[in-house]
Structure formats: structure tokens, C-alpha cells
Amino acid sequence: MNKIGIFFGTNSGTTRLMAKKMAKLLGDVAAKPLNINRTTAEELLQYDALILGTATYGIDQLPGKSTDIQDGSWEDFMPQLAGKDLSGKVIALYGLGDQEKYPDRFAHSLIHLYRWGVAGGADVVGQWSTEGYTFKQSPAVVDGQFVGLVLDQQSQSLLTEARLSAWIEAIKPISLYTSQASANSLAI
């Protein structure tokens, strides 16, 4: 697929709103964002470049039916992706969290998407600085940086637009994968 696939898991709609803002910033290279509970593994895996987003619920788990998301989310979808080869794919991640209410597990769910991407052989890009955040601990911090963009709509919503714009500019080279995939399909 010659666009960037954007997939998100949400309950309140905030993660969806962020996905829509990213698609707008990316323009024509982005596909329409899709809720993970309304898609299939085949649809997700058709893209060579992906942006995946999640909200954070619970401790050490992805959002889903066990976290009272009635329609399901990442927790319910991930078994479809188990063991899939992600070689040649580039994945950028974003997550939402509340650093004041949950400082000991801020943006916790993001690490699960990261581990899946890395284990599958994908090139995970879009790491984000922890500067400007106030939290005690986050499993989503690897080598001193968040594994993707982290947004706190509860206590830092005024910083969201600037963070989104800066992150999109930083990951824009993933759109090269979409044009490369298109060129490869023409060569066949």
C-alpha cells in the first residue's frame, strides 16, 4: 500500500482525534485513520509504513475488553498479529497518558506496541524526548527516551499541537517507504 496506515485504539475518542490530526498534518500520504477494533490484521499489514496509537489503561496491559472497553481494542486485536513478520516495515508510535494521575505508569501501554514491532523485525522510529514531562516511571522509556510520541491531554493539552507538529516533521521520512513501495510495485 502506498500510503501511511494510521491505526489507533480508543475508548473516549481522544486517541482517534490525535490520529485524525496526524493524518491532516501528513496530507495525501496518509490513509484514513482506522480504529483497531474495526479492522483486520491483513488490512493493517498491507502498509509498509504505519503509525500506531494507544491510550493507557490498567497496569502492564493494553486497552481492551478486560479494561472495560466494550468494543475491544489493542488487547483483543494483538493475538491476530502474533508471529507476523514485520521485516521491511517502518512503524511510528504514539500514546496517551495522564502523568499527574498515574505518575508511576505514565503512558504504560505504549511499550507493548513497541515490543511487538521490534520482535517482528520492524524499524520502529519516532522516539520522543522525556523533557517537559513530570512522572516517576514509565515502561515506555527506553534508552532515556519515550519509544514514541507521548501526549497528555489531561495536564498538558496546550502542548499537544506543537508536539504533534514537531513529531510529524521528525517522522516524515517514513513517507519515503510509501513511495518506495509504490516504485517497487511498478517494477514488478
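This is a predicted model: local features need pLDDT of at least 70, side-chain atom pairs count only at pLDDT 80 or more; totals for chains, interfaces and linings use all residues.
View 1. Take K32 as a way in: you'll find K32 in the loop that links α1 (14-26) with β2 (34-35). K32 counts as exposed because its relative accessibility is 70%, and the cut-off for exposed is over 50%.

**View 2. Strand β4, covered on both faces.** Here we look at β4, which spans residues 90-96 and has 7 of its 7 residues buried. On one side sit V90, A92, Y94 and L96, and on the other I91, L93 and G95, all of them buried.

**View 3. The partners of β4.** Strand β3 (residues 49-54) pairs with β4 in the parallel sense, over 6 bridges. Look for G53, which stands opposite Y94 in β4. Strand β5 (residues 123-125) also pairs with β4 in the parallel sense, this time over 3 bridges. There, V90 stands opposite D123 in β5.

**View 4. An open sheet of 3 strands.** The strands come in the order β6-β8-β7, and their pairing is antiparallel. Both β6 (128-129) and β7 (141-142) stand at the edges with a single partner strand each, so one side of each has no neighbour in the sheet. Between β6 and β8 (residues 145-146), which run antiparallel, there are 2 bridges. To spot this pairing, find S129, which stands opposite Q145 in β8.

Note on methods:
Residues are numbered from 1 along each chain as its sequence is written. Side-chain values use heavy atoms; hydrogens and water are left out. Helices (H or I, at least four residues) and strands (E, at least two) are DSSP runs, numbered from the N terminus. Buried means under 20% relative accessible area, exposed over 50%, partly exposed in between (1.4 Å probe, protein chains only). Two strands pair if DSSP finds at least two bridges between them.
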